[in-house]
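Subject: Handing over a structure, with notes

Dear colleague,

I am passing the structure below on to you, and I would be glad if you could look through it alongside the notes in this message.

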Amino acid sequence: MLTKSTINETIKFLLVEDDWRLRDSLISGLTKDPSLECAAIADTGQQALEHLRTQSIDLIIMDY
């Protein structure tokens with residue numbers, strides 16, 4: 001459920017993608033929205049877990 005405070009805040013996302021071309025394209029497109037901020041990038045699941053231990057992330061975008 002979205003609340004007024006949630007709507008006004010920036011959503012910090014973690015992008016997990018090993019293909020640098022796709023990763024750069026996704027970041028370029030997603031960060032055009034001022035409510036989205038790329039907080040971290042990971043090439044592997046292990047790197048993603050390290051980011052999650054040290055940062056506050058709202059959304060994870062990953063391939064499988």
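The notes that follow go from the overall layout to the sheet and then to single residues.

Please keep in mind that this is a predicted model, in which local features need pLDDT of at least 70 and side-chain atom pairs count only at pLDDT 80 or more, while totals for chains, interfaces and linings use all residues. Residues are numbered from 1 along each chain as its sequence is written, and side-chain values use heavy atoms, with hydrogens and water left out.

Overall layout

The protein chain holds 3 helices and 3 strands, where helices (H or I, at least four residues) and strands (E, at least two) are DSSP runs numbered from the N terminus. Read from the N terminus, these elements follow the order α-β-α-β-α-β. Of the 64 residues in the protein chain, 19% are buried; here buried means under 20% relative accessible area, exposed means over 50%, and partly exposed lies in between, with a 1.4 Å probe and protein chains only. The accessible surface of the protein chain is about 4,800 Å², and carbon and sulfur atoms account for 55% of that surface; such areas come from the Shrake-Rupley method with a 1.4 Å probe, and for residues only the protein chains shown count as cover. Among contacts (heavy atoms within 4.5 Å) with a separation of 6 or more, 70% are between residues 24 or more positions apart.

The sheet and the helix across it

The 3 strands form an open sheet in the order β2-β1-β3, with parallel pairing, and two strands are said to pair if DSSP finds at least two bridges between them. The edge strands are β2 (36-42) and β3 (59-62), each of which pairs on one side only. From one strand to the next, the twist averages 25 degrees. Strands β1 and β3 pair in the parallel sense over 4 bridges. Helix α3, residues 45-54, lies across β1, β2 and β3 and runs at about 130 degrees to β2; for such angles, axes are lines fitted to C-alpha atoms, for helices over the stretch in contact, and angles run from 0 to 180 degrees between N-to-C directions.

Leu14 in strand β1

Leu14 lies in strand β1 and counts as buried, because its relative accessibility is 0%. Its bridge partner in β3 is Ile60. Leu14 and Ala40 are 26 residues apart in sequence, yet their C-alpha atoms are 4.9 Å apart in space. Leaving aside neighbours within four places in sequence, the contacts of Leu14 include Ala40, Ala48, Leu52 and Ile60.

The salt bridge and the charged residues around it

The structure holds 1 salt bridge, a term that stands for a side-chain nitrogen of Lys or Arg within 4 Å of a carboxyl oxygen of Asp or Glu. The side chains of Arg23 and Asp43 meet in a salt bridge, at 2.4 Å from N to O. Arg23 lies in helix α2 and Asp43 in the loop between β2 and α3, so this pair ties together parts that are 20 residues apart in sequence. Arg23 is buried, with a relative accessible area of 14%, whereas Asp43 is partly exposed, at 38%.

Glu17 lies in the loop between β1 (11-16) and α2 (20-30). Although Glu17 is buried, it has no salt bridge, and the nearest side chain of opposite charge, Arg23, is 6.7 Å away; for charge, Lys and Arg count as positive and Asp and Glu as negative, while His and the chain ends are not counted. Beyond neighbours within four places in sequence, Glu17 has contacts with Leu22, Arg23, Ala42, Asp43 and Asp63.

Asp18 also lies in the loop between β1 and α2, and with 55% relative accessibility Asp18 counts as exposed. Apart from residues up to four places away in sequence, Asp18 touches Arg23, Asp43 and Asp63.

The end of the chain

Tyr64 lies in the segment after β3 and counts as exposed, at 98% relative accessibility. The C-alpha atoms of Tyr64 and Glu17 are separated by 8.9 Å, and these residues are 47 residues apart along the chain.
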